[in-house]
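Let's go through this one by question and answer. Have a look at the chain first, then we'll start where its parts meet.

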Amino acid sequence: MGFNVVVFLSCLLLLPPVTFGSNMERTTLVIDGSRRIAETDENFICATLDWWPPEKCNYDQCPWGYASLINLNLASPLLAKAIQAFRTLRIRIGGSLQDQVIYDVGDLKTPCTQFKKTDDGLFGFSEGCLYMKRWDEVNHFFNATGAIVTFGLNALHGRNKLNGTAWGGDWDHTNTQDFMNYTVSKGYAIDSWEFGNELSGSGIWASVSVELYGKDLIVLKNVIKNVYKNSRTKPLVVAPGGFFEEQWYSELLRLSGPGVLDVLTHHIYNLGPGNDPKLVNKILDPNYLSGISELFANVNQTIQEHGPWAAAWVGEAGGAFNSGGRQVSETFINSFWYLDQLGISSKHNTKVYCRQALVGGFYGLLEKETFVPNPDYYSALLWHRLMGKGILGVQTTASEYLRAYVHCSKRRAGITILLINLSKHTTFTVAVSNGVKVVLQAESMKRKSFLETIKSKVSWVGNKASDGYLNREEYHLSPKDGDLRSKIMLLNGKPLVPTATGDIPKLEPVRHGVKSPVYINPLSISFIVLPTFDAPACS
């Protein structure tokens, strides 16, 4: 008996303390495991690499450094390990300057030079060059790290500027075709080619009419068919990579027609400018976060009505635009926004969600100089490893401050629940029901003995707890020292930092008997894996 108490106490020291706020709220999640309400792609998590040179600045800050595709340090072991930790991470290459990128291959009519600051260029920069030597280096890096590549093409090449933001004339596809031919000749695997960046609708700095865009997509599809005619697989066609305008997007699907556009992409920066002093308030406001649901629903409906052959992707989302919010986007608090976005978007059949950016700006998942992961990196990695493709319906009796998303577990039985507690003062104790019976009981508020209290919170290591019940896994995320703007995320009370050998740390859960209560501390995030939950939809 004495030995058992010592074991309990030793295990208890490994756990983060349960923070009983001024309020304690019991709640029940009712999960419908009989059917999937939506489904994502196997590689739902995606991160972007942009083109911005070091001179890119906003609000008197220049946070990009050498984070561009053209100057990123591909020799960094930590950068490689950060991508390899996903095994298969989708990387979307693109951004504001992609429609000014010339590919240094084939018969070019003008010199291919690097980006330079200029008053008369789009976004304040001249055209830039992607040299094939650099393209070789990038592809060798992607091949070594297991990246799945989406490449954003220059959709303004050959066009001429009209009035305002509008550009007209025919797209010159010659440079693109030469670039694709080179890529295929080298055996480089490109999963998908995206056409243009933020040129749809009214555009950002530049725009192309939907009539021209639809025609160009048909041209691009034929170019891909020709270039890849001897390939067993053909890359997807992705477009338009802009901000959703229902009429424009609907017309694009109609004009391009079935069998042309495989993926419809849209961008999201719903937190506003990076220098907004209310950024933190927006992130912690459940009503504000829920406001994006209508957009995802509208994109999904537009596809169902006008182009059911296409899939919906978020092609770029950084939260706050203009490089993100300093001391917000790179800190723990941003994971409330980021994980909530992943949860909401997946419920509306979004297949892929590309985070701006893997490296660069304040919203980079990795620090631009050291490649040390920021908190959102670990949030993305946990989602990628735990949350499967199938999304289940869930209802809760909790207040709006507890956000709940439920997926089939990834490559294993059961379900995984993502719980986000936006409340500053309320600790939630959570029960789970399958609609017929309570599977996991919320703890009663009666006073327990010292030994019962220890047993209910102990972290069991091994396959089974001593009473024979199977375990569930819990991954509790919180900020270091309780500072929401900390750049160090804690997993079950332990800081997530690269190891002494420069490796990504292991993401180890704590384990509890499946029938014991779940506690969600104020201002924290938890992934709960229930391996024995009966969900026929996940079979």
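This is a predicted model: local features need pLDDT of at least 70, side-chain atom pairs count only at pLDDT 80 or more; totals for chains, interfaces and linings use all residues.

Q: Which three residues supply more than any other three of the area that domain 1 buries against domain 2?
A: The contact takes 40 residues from domain 1 and 43 residues from domain 2. On the domain 1 side, one trio accounts for 19% of the buried area. Those residues are Lys410, Lys487 and Ile504.

Q: How many salt bridges are there between domain 1 and domain 2?
A: Polar contact is part of this interface too, with 17 residue pairs found across it. For salt bridges, the rule wants a Lys or Arg side-chain nitrogen within 4 Å of an Asp or Glu carboxyl oxygen. Glu42 and Arg411 qualify, with their closest N and O atoms 2.9 Å apart. Between the two domains, the count is four.

Q: Which strand gives the most to the side of domain 1 that touches domain 2?
A: Four strands each supply at least two residues there: E18 (402–409), E19 (415–421), E22 (471–479) and E27 (524–530). By class, that side of domain 1 has 23 nonpolar, nine polar and eight charged residues. The top contributor, with five residues, is strand E18.

Q: Trp64 and Tyr363 form an aromatic pair; how far apart in sequence are the parts it ties together?
A: This is one of 26 aromatic pairs in the whole structure. The rings sit 6.1 Å centre to centre with 75° between the planes, making the pair edge-to-face. Trp64 is in the loop between strand E2 (45–49) and helix H2 (77–84), while Tyr363 is in the loop between strand E16 (350–355) and helix H11 (375–386), so the parts tied together are separated in sequence by 299 residues.

Q: Which residue forms a salt bridge with Glu194?
A: The overall count of salt bridges is 21. In the one made by Glu194, the closest N and O atoms are 2.9 Å apart. The pair links distant parts of the chain, from strand E9 (residues 192–195) to strand E3 (residues 90–93), 102 residues apart. The partner is Arg92.

Q: Which residue does a cis peptide bond join to Gln356?
A: Omega is about 5° for this bond.

Q: What is phi of Ser323 near?
A: Ser323 sits in the loop between strand E15 (320–321) and helix H10 (334–347). Its phi is positive, in a residue other than glycine, and the value is near 80°.

Conventions: Residues are numbered from 1 along each chain as its sequence is written. Side-chain values use heavy atoms; hydrogens and water are left out. Contact means heavy atoms within 4.5 Å. Buried area is the accessible area (1.4 Å probe) that two parts lose on being put together, summed over both. A polar contact is a pair of N or O atoms within 3.5 Å; within protein, one must be able to donate a hydrogen and the other to accept it, and residues adjacent in sequence count only if both atoms are side-chain atoms. Ala, Val, Leu, Ile, Met, Phe, Trp, Tyr, Cys and Pro count as nonpolar, Asp, Glu, Lys and Arg as charged, and the others, Gly among them, as polar. Rings of Phe, Tyr and Trp (its six-membered ring) pair if their centres lie within 6.5 Å; planes under 30 degrees apart count as stacked, over 60 as edge-to-face and the rest as tilted.
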